[in-house]
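Hi,

Here is the model I promised to pass on.

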Amino acid sequence: MHEFSIAQQIAQVVFRTARENQAKLVERVVVVIGELALLNEEQVRFWVEEIFSGQQITRGAELEITLRPALVLCSHCGFQGAPTSVGPEAHFLTPALICPQCGQLGMAIKEGRECLIQRITFQK
Ligand SMILES: [Zn+2]
């Protein structure tokens, strides 16, 4: 149920931001999920829409989820880019990141672990 708590956090930020901006309606929310965030996009979408549909202000809001590719840095050879071992299964397991250049393990994740709200559009 990791996705449910993430969805709750997203919804809380949307509700708070809407209140702070005295918005009447939330039209559109853009969420960015990193490839290595270990989140199931469809489940996040399901729960956010579930929470949104329960509140007047977000009922009918459009939810857009963008996946951000991973960016890793190899401490052995200095390679920076996409890791080789990220597949669909990486969303369910902690991926072992292998450097595509030198083949060593132990790459630092620079991007791809985030889950953030990129944009919220209101109607006032
Ligand atoms: Zn390397």
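The contact draws on Glu3, Phe4, Ile6, Ala7, Gln8, Ile10 and Ala11 from α1, and on Gln43, Val44, Trp47, Val48, Ile51 and Phe52 from α2. Sorted by class, that contact of α1 with α2 has ten nonpolar, two polar and one charged residues. Here Ala, Val, Leu, Ile, Met, Phe, Trp, Tyr, Cys and Pro are nonpolar, Asp, Glu, Lys and Arg are charged, and the others, Gly among them, are polar. "Contact" is used for two residues whose C-beta atoms, placed from the backbone, lie within 7 Å.

As for the geometry, α1 covers residues 2-20 and α2 residues 41-53, and their axes come within 8 Å and cross at roughly 45°. The axes are lines fitted to C-alpha atoms, for helices over the stretch in contact, and the angles run from 0 to 180 degrees between N-to-C directions. The two helices are therefore oblique to each other, since angles under 35 degrees count as roughly parallel, over 145 as roughly antiparallel, 65 to 115 as roughly perpendicular, and the rest as oblique.

Before going further, please keep in mind that this is a predicted model, where local features need pLDDT of at least 70 and side-chain atom pairs count only at pLDDT 80 or more, while totals for chains, interfaces and linings use all residues. Residues are numbered from 1 along each chain as its sequence is written.

On the overall layout, the protein has two helices and six strands, in the order α-β-α-β-β-β-β-β along the sequence. Helices (H or I, at least four residues) and strands (E, at least two) are DSSP runs numbered from the N terminus. Of the contacts with a separation of 6 or more, 74% are between residues 24 or more positions apart. The protein has 124 residues, and 23% of them count as buried. For burial, I counted other C-beta atoms (placed from the backbone) within 10 Å of a residue's own: 20 or more is buried, 12 or fewer is exposed, and in between is partly exposed.

Now the core. The largest nonpolar core has 23 residues, and Ala7, Ile10, Ala11, Val14, Val44 and Val48 are those with the most contacts inside it. Such a core is a set of buried Ala, Val, Leu, Ile, Met, Phe, Trp, Tyr and Cys residues joined through C-beta atoms within 7 Å. Two or more residues come from each of α1, β1, α2 and β3 (71-74), and α1 gives the largest share, six residues. Leaving out residues up to four places away in sequence, Val14 touches Val26, Val29, Thr58 and Ile120.

Ile51, in helix α2, is partly exposed, with 18 C-beta neighbours inside 10 Å. Apart from residues up to four places away in sequence, Ile51 touches Ala7, Gln8 and Ala11. Its C-alpha is 9.7 Å from that of Phe4, 47 residues apart in sequence.

Two residues in strand β1 are worth a click. Val31 sits in that strand and is buried, with 24 other C-beta atoms within 10 Å. Beyond four places in sequence, Val31 touches Ile10, Ile65, Ile117 and Gln118. Val31 and Arg119 are 88 residues apart in sequence, and 7.2 Å apart from C-alpha to C-alpha. Gly34 is also in β1, but counts as partly exposed with 19 C-beta neighbours inside 10 Å. Its C-alpha lies 3.8 Å from that of Gly112, 78 residues apart in sequence. Neighbours within four places aside, Gly34 is in contact with Arg68, Ala70, Glu111, Gly112, Arg113, Glu114 and Cys115.

Last, the backbone. Most residues other than glycine have a negative phi. Gln22 has a positive phi near 50°; it lies in the loop between α1 and β1 (25-34) and is exposed, with 8 other C-beta atoms within 10 Å. Leu38 also has a positive phi, about 60°, and belongs to the loop between β1 and α2. Leu38 is partly exposed, with 17 C-beta neighbours inside 10 Å, and its C-alpha is 9.3 Å from that of Glu3, 35 residues apart in sequence.

Cheers
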